[in-house]
Structures are given as C-alpha cells and as structure tokens.
Amino acid sequence: MAQRMNEHHRAILGRIEVAEPARGKTNQRPEHLGTSRRWYGLANAQRRKILLDFSVENRDLPYAAWRDLVDSLYHGQSYEERCAPQTLLLRYPRHRRALPLKQLDAWLGCLEGWAEVDSTCQTVFTAGDLLAAWGDWSALLRCLASDVNINKQRAALVLLTAPISQSDDARLLDLALALILQLQSEKDKRITKAISWLLRKGIKQHRATIAEFVENNASSLPAIAARETRRKLTTGKK
C-alpha cells in the first residue's frame with residue numbers, strides 16, 4: 001500500500017485547507033482531542049460534509065482506488081485527515097466489507113488519542129459485520145486488547161460499543177466482558193472511560209448480566225465505570 005498522498009487525498013485536503021475554521025463555534029481543541037497533529041479547526045460536521053460531497057461525486061470509486069485513498073488519509077499529517085476515513089468506510093459499505101481485518105489493524109496503528117480512534121471505531125462497524133465473520137473479528141479484538149499501543153487497546157473496546165447495543169448475541173457480551181476484565185487495571189482515561197462506555201451501551205440488550213457483572217467486579221473496575229454504569233442502570237441517563 002502506497003503511503004504517498006494520492007490525487008483524491010490531495011483534492012480532499014485542498015477542501016479542508018480552504019474551509020472556514022470553526023474555532024469559537026466548537027469546543028474541540030487539539031489538547032481535548034488527544035492529538036499532537038496539525039488541527040485545521042474544523043467541526044466534525046464540516047469534515048463529514050467534505051467527505052460526503054466527495055463520495056457523491058465518486059459513487060463508482062473502484063475498491064483499489066478507495067483503499068489507496070483511505071490508506072493515504074490514515075497517513076496524513078493532520079487530525080482531520082486521520083478522521084476522514086470514517087465517512088469513506090460508511091459510504092462505501094461493499095468496499096468496507098471486503099477489507100481484510102489485517103489492513104484495519106494496520107490502520108488503527110496510525111491513530112492517536114481518543115477522538116481519532118473513535119472516529120473509526122465508534123459507529124462504522126455493526127453487529128452484523130462482526131457476527132458475519134466472528135472468528136476473525138474476535139481474534140482481532142483480542143489482539144488489539146493485548147497490544148502495547150494503548151490506542152489499539154481503546155479501539156478493542158470502542159469497536160464493541162455499537163454492536164453490543166444492537167444485538168443480544170451472547171458472543172458480543174462475553175467478549176466485551178472478557179476484554180473489560182483484561183484491561184480494568186489500566187489507569188489511562190482512554191481505557192477507563194471506554195470501559196464505562198461499553199458497559200453502559202451493553203445495558204440495552206444485556207441489562208441483568210451487566211448489573212450482575214458490575215456488582216461482582218465493582219472493587220476492581222475503574223471507579224468511573226462502576227459509578228456511571230450504576231447511574232445508568234438506576235436512572236436510565238448517562
């Protein structure tokens with residue numbers, strides 16, 4: 001896979017560079033996003049609009065060109081470039097489903113901080129995606145959780161937040177709880193907050209099991225995870 005900027009990437013970056021920054025209109029800041037990269041100051045909606053427009057103009061983008069573009073963006077120099085693949089993964093579902101998970105693993109290694117990780121992992125992959133290739137996906141998630149890169153550890157948890165709320169399949173729940181137990185001693189907020197998030201998302205389909213899990217493991221779970229999950233169970237609010 002080429003890592004030099006291709007023509008489509010160059011065109012997208014050009015639109016990012018001329019867009020009016022949303023500074024003062026958004027609470028985003030590089031220090032809040034957890035990234036040390038260049039930040040053009042665009043709101044998420046601005047970035048998505050640029051990529052949505054591109055996808056409309058390039059509906060028939062071949063798989064090879066799409067993959068090369070996504071790869072190029074994941075090696076971009078700015079926060080906006082590294083988050084841009086989110087929309088391309090969503091807008092080209094056939095290409096996304098044909099993507100080898102080994103390539104996804106490599107791309108996750110290009111991400112820094114919670115916001116970049118979540119852009120790819122939060123809403124792109126569904127319960128259907130994971131369950132259709134469960135052996136491969138479960139292996140990838142376990143591998144990510146065991147990686148020395150803490151951003152990949154967060155990815156392992158966040159990739160399950162949507163699927164666990166979409167399906168009552170016990171495989172999703174069992175793996176989520178196993179990864180939480182594996183990572184619960186980590187003090188970094190990228191992990192403690194992701195554990196809380198995953199537990200709270202699990203309540204929709206697995207309320208009784210999540211409640212029992214939290215009570216049985218309250219002393220070892222991150223305090224924020226136990227507290228926020230109990231609040232969600234009691235009030236229904238975050």
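The second largest pocket gets at least two lining residues from each of α7 (93-98), α10 and α11. About 200 Å³ of space lies in that pocket. This is a predicted model, where local features need pLDDT of at least 70 and side-chain atom pairs count only at pLDDT 80 or more, while totals for chains, interfaces and linings use all residues. Residues are numbered from 1 along each chain as its sequence is written, and side-chain values use heavy atoms, with hydrogens and water left out.

**Pockets**

- A pocket here is an open set of points on a 1 Å grid over the protein atoms alone, with protein on both sides within 12 Å along at least five of seven lines, and lining residues have an atom within 4 Å of a point.
- Grid points are joined across faces, edges and corners, and a volume is the space filled by probe spheres set on the points.
- The second largest pocket is lined by Arg96, Arg97, Leu99, Leu101, Phe125, Asp129, Ala132, Ala133, Asp136 and Trp137.
- By class, that lining splits into six nonpolar, no polar and four charged residues; Ala, Val, Leu, Ile, Met, Phe, Trp, Tyr, Cys and Pro count as nonpolar, Asp, Glu, Lys and Arg as charged, and the others, Gly among them, as polar.
- The largest pocket comes in at about 710 Å³.
- Of the 26 residues lining the largest pocket, Trp114, Asp118, Gln122, Arg154 and Trp197 are the closest to its centre.
- Helix α15 gives the largest share of the lining of the largest pocket, six residues.
- Helices that each supply at least two residues to the lining of the largest pocket are α2 (30-33), α3 (44-57), α5 (79-83), α9 (113-121), α15 (189-217) and α16 (223-235).
- Sorted by class, the lining of the largest pocket has seven nonpolar, seven polar and twelve charged residues.

**Helix α11**

- Helices are DSSP runs (H or I, at least four residues), numbered from the N terminus.
- Buried in α11 are Trp134, Trp137, Ser138, Leu140, Leu141, Leu144 and Ala145 (buried means under 20% relative accessible area, exposed over 50%, with a 1.4 Å probe and protein chains only).
- Those buried residues of α11 fall within an arc of 160° seen down the axis, so they line one face of the helix; the arc is that of the directions from the helix axis to the C-beta atoms.
- Among what covers the buried residues of α11 are α8 (101-108), α10 (127-132), α12 (150-158) and α14 (170-183), with contact meaning heavy atoms within 4.5 Å.

**Helix α14**

- Leu172, Leu173, Leu175, Ala176, Leu177, Leu179, Ile180 and Leu183 are the buried residues of α14.
- They pack against α10, α11, α12, α13 (161-166) and α15.

**Helix α3**

- In α3, Arg47, Ile50, Leu51, Phe54 and Ser55 are buried.
- Their arc around the axis is only 135°, which puts them on the same side of α3.
- Ala45 and Glu57 are exposed on the other side of α3.
- The cover over the buried residues of α3 includes α1 (7-18), α4 (63-74), α5 and α6 (85-91).

**Thr192**

- Thr192 lies in α15 and is buried, with a relative accessible area of 10%.
- Leaving out residues up to four places away in sequence, Thr192 touches Glu186, Lys187, Pro222, Ile224 and Ala225.

Key:
1 Å grid on protein atoms, 1.4 Å probe; cavity = no way out; pocket = protein on both sides within 12 Å on 5 of 7 lines; lining within 4 Å.
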